[in-house]
Amino acid sequence: RAQTAPLPSLRRRARSLAAAEAYRLRQRIRLYKIQELKQRLEGTQVQRYAEEMAEEALEGEAITVGSVSAEALQEQHKAVQREREREAKEASRLHRRRQDILARQEEEAAREVRREAEEL
């Protein structure tokens, strides 16, 4: 009686140990493949390119905020300012045009009133 109860727990433990061992084996295989790829890349154009990119990243004086550089933020700010200035100029031009149209309409109305007054 006492020996039958531990068997299921031993089986579960054996399965979990086997699963853990399989996981460790997969991890070792992945690490081996990564190491193999690194060795293949050594001395190739890709390796030199990666090293140059790393050096340029370290040499750059751009400060990053989150994932956006300070230079990019400044450029975006300038672009927004230019757009606001363009919109303000356009609004001013439209306002002047409306004022000119109103002035012409007032002049025409005044002429029409004078003409009607002369006819009477």
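Biologist: Is Glu 112 buried, partly exposed or exposed?

Modeller: First, a caution: this is a predicted model, in which local features need pLDDT of at least 70 and side-chain atom pairs count only at pLDDT 80 or more, while totals for chains, interfaces and linings use all residues. Residues are numbered from 1 along each chain as its sequence is written, and side-chain values use heavy atoms, with hydrogens and water left out. As to the classes, buried means under 20% relative accessible area, exposed over 50%, and partly exposed in between (1.4 Å probe, protein chains only). Glu 112 has a relative accessible area of 36%, and therefore it is partly exposed.

Biologist: With which residue does Glu 112 meet in a salt bridge?

Modeller: A salt bridge is a side-chain nitrogen of Lys or Arg within 4 Å of a carboxyl oxygen of Asp or Glu. Here the partner of Glu 112 is Arg 115, at 3.4 Å from N to O. Both residues lie in helix α3, three residues apart, about one turn of the helix. Helices are DSSP runs (H or I, at least four residues), numbered from the N terminus. Arg 115 is partly exposed as well, with a relative accessible area of 44%.

Biologist: Which residues do salt bridges with shared partners join into one network?

Modeller: Glu 21, Arg 24 and Arg 28 are joined in this way. Arg 24 and Glu 21 are three residues apart in helix α1 (residues 6–41), and so are separated by about one helical turn. Arg 24 is partly exposed at 43%, and Glu 21 is partly exposed at 38%.

Biologist: How many salt bridges does the rule give?

Modeller: The count comes to six. Among them is the one between Arg 93 and Glu 90, whose closest N and O atoms are 2.6 Å apart. Those two residues are three apart in helix α3 (residues 70–119), about one helical turn.

Biologist: Which residues gather in a patch of negative charge on the surface?

Modeller: Patches are made of residues with over 30% relative accessible area and no salt bridge, like charges being joined within 9 Å. Asp and Glu count as negative, and the place of a Glu charge is taken as CD. In this model the patch holds Glu 42, Glu 51, Glu 52 and Glu 55. Glu 55 is placed in helix α2 (residues 45–59) and is partly exposed at 47% relative accessibility.

Key. Patches are made of residues with over 30% relative accessible area and no salt bridge: like charges are joined within 9 Å, nonpolar side chains (Val, Leu, Ile, Met, Phe, Trp, Tyr) within 5 Å. Accessible areas come from the Shrake-Rupley method with a 1.4 Å probe; for residues, only the protein chains shown count as cover.
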